[in-house]
Amino acid sequence: MTQYGAIEGGGTKFVPAVADEDNQIIARTKIATGQPEATLRAISAFFDDFALTAVGLGSFGPIDLNEDSPSYGTILNTPKTAWQGYDIVGELHQRLQVPVFATTDVNVACLGEYQFGIAQGVRSCVYFTVGTGIGAGAINQGRLIQGLAHPEMGHMRVLQDPADDFAGLCPYHRNCLEGLAAGPALAARAGRPAGELPADDRCWAIEADYLAQAANTVSLLLAPEVIIFGGGVMNQPQLLPMIRNRFERYNQGYVDRPPLTEYLQGASLHDNQGVLGCLALAQQGMVPSTVLNQ
Ligand code: ADP
Ligand code: ZN
């Protein structure tokens with residue numbers, strides 16, 4: 001029986017999982033992100049009981065994904081200093097002794113939706129995660145977009161609502177999209193956790209506005225067939241309809257799009273898009289330049 005490994009590597013936890021060739025998950029666990037050596041030891045102990053063919057990794061970043069770079073597979077400039085400069089792909093390969101195919105955490109979520117979720121049947125899509133941070137992965141013509149580095153769409157600039165005097169939390173850009181609209185920004189602006197804000201709180205209109213600006217910009221730049229929103233903050237059911245409303249305010253009918261209920265969608269895989277995307281990565285033997293099969 002062929003078995004594939006998946007590792008969703010987030011800023012707070014790693015989720016390693018094993019699936020058979022039909023993508024049925026046969027084992028899964030959670031390990032705190034903690035310190036790299038201990039975390040990788042725990043991951044390889046978990047995989048010890050299985051005979052893996054390959055592993056797909058979706059890692060928090062930034063991570064060097066340039067295949068020609070001497071530091072390919074290394075975590076770059078992260079505030080998690082213990083992980084800075086850590087060759088996560090090389091270390092995993094050494095411990096597991098199988099091919100390790102890697103991309104970012106948000107790229108695997110995008111890939112999961114493309115392969116198994118709401119973006120099945122299209123050739124281009126963008127997936128935003130709105131959680132502790134904001135990030136987006138993009139697939140164009142069946143290829144994960146990768147240039148000098150992986151995209152960093154969470155740090156795009158948005159026009160700040162004059163009624164919103166919140167300074168923003170991004171340590172690099174202060175009031176970029178992530179600085180104004182990630183979960184911690186919502187909490188800091190409102191003075192309590194985002195999950196505790198009532199559905200009619202003014203913060204949701206502000207939030208929807210920034211996410212609609214981001215969707216409009218991405219729509220103009222990349223012209224994806226669908227834009228998907230996931231992550232903890234999107235657990236607020238009122239938010240997606242508000243984003244759609246604001247989106248039209250910015251688009252002004254200029255670019256002809258599918259109906260907004262189809263064009264701007266919520267994530268569809270019950271928080272399994274990351275693990276499923278890692279499995280797709282492992283099975284297709286993908287590096288960023290690979291064209292994906294669907
Ligand atoms: P992470 O980004 O760390 O992988 P999540 O996607 O779950 O994890 O995002 C966590 C963020 O989402 C936190 O800032 C939290 O406040 C926010 N969040 C979680 N649940 C909700 C909710 N029901 N409503 C609004 N915000 C939420
Ligand atoms: Zn930023």
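Ala223 lies in the loop between H6 and strand S10 (226-230). Helices (H or I, at least four residues) and strands (E, at least two) are DSSP runs, numbered from the N terminus. This is a predicted model, in which local features need pLDDT of at least 70, side-chain atom pairs count only at pLDDT 80 or more, and totals for chains, interfaces and linings use all residues. Residues are numbered from 1 along each chain as its sequence is written, chains are lettered from A and ligands numbered from 1 in the order in which they are written, and side-chain values use heavy atoms, with hydrogens and water left out.

**Backbone.** Most residues other than glycine have a negative phi, and most peptide bonds are trans. Ala223 is not a glycine, yet its phi is positive, about 50°. Gly61 and Pro62 are joined by a cis peptide bond, with omega about 0°. Pro62 sits in the loop between strand S5 (52-59) and H2.

**Helix packing.** Axes are lines fitted to C-alpha atoms, for helices over the stretch in contact; angles run from 0 to 180 degrees between N-to-C directions. Helix H1 (residues 36-47) packs on helix H2 (residues 88-96) at about 40°, with the axes 10 Å apart. That makes H1 oblique to H2 (under 35 degrees is roughly parallel, over 145 roughly antiparallel, 65 to 115 roughly perpendicular, the rest oblique). The crossing of H1 past H2 is right-handed (the near helix is turned clockwise from the far one by less than a right angle). Contact means heavy atoms within 4.5 Å. H1 brings Glu37, Leu40, Arg41, Ile43, Ser44 and Phe47; H2 brings Ile88, Glu91, Leu92, Arg95 and Leu96.

Helix H5 (residues 183-190) and helix H6 (residues 202-222) cross at roughly 145°, and their axes come within 11 Å. H5 also passes H6 in a right-handed crossing. Leu186, Arg189 and Ala190 of H5 meet Cys203, Trp204, Ile206, Glu207 and Tyr210 of H6.

**Ligand 1.** Residues around ligand 1 (a heavy atom within 4 Å) include Gly131, Pro184, Ala194, Val233 and Asn235.

| Residue | Residue atom | Ligand 1 atom | Distance |
|---|---|---|---|
| Thr132 | side-chain N or O | oxygen | 2.6 Å |
| Gly232 | backbone N or O | oxygen | 2.8 Å |
| Gln236 | side-chain N or O | nitrogen | 2.8 Å |

Notes:
Polar contact = N/O pair within 3.5 Å; in protein donor to acceptor, adjacent residues only side chain to side chain.
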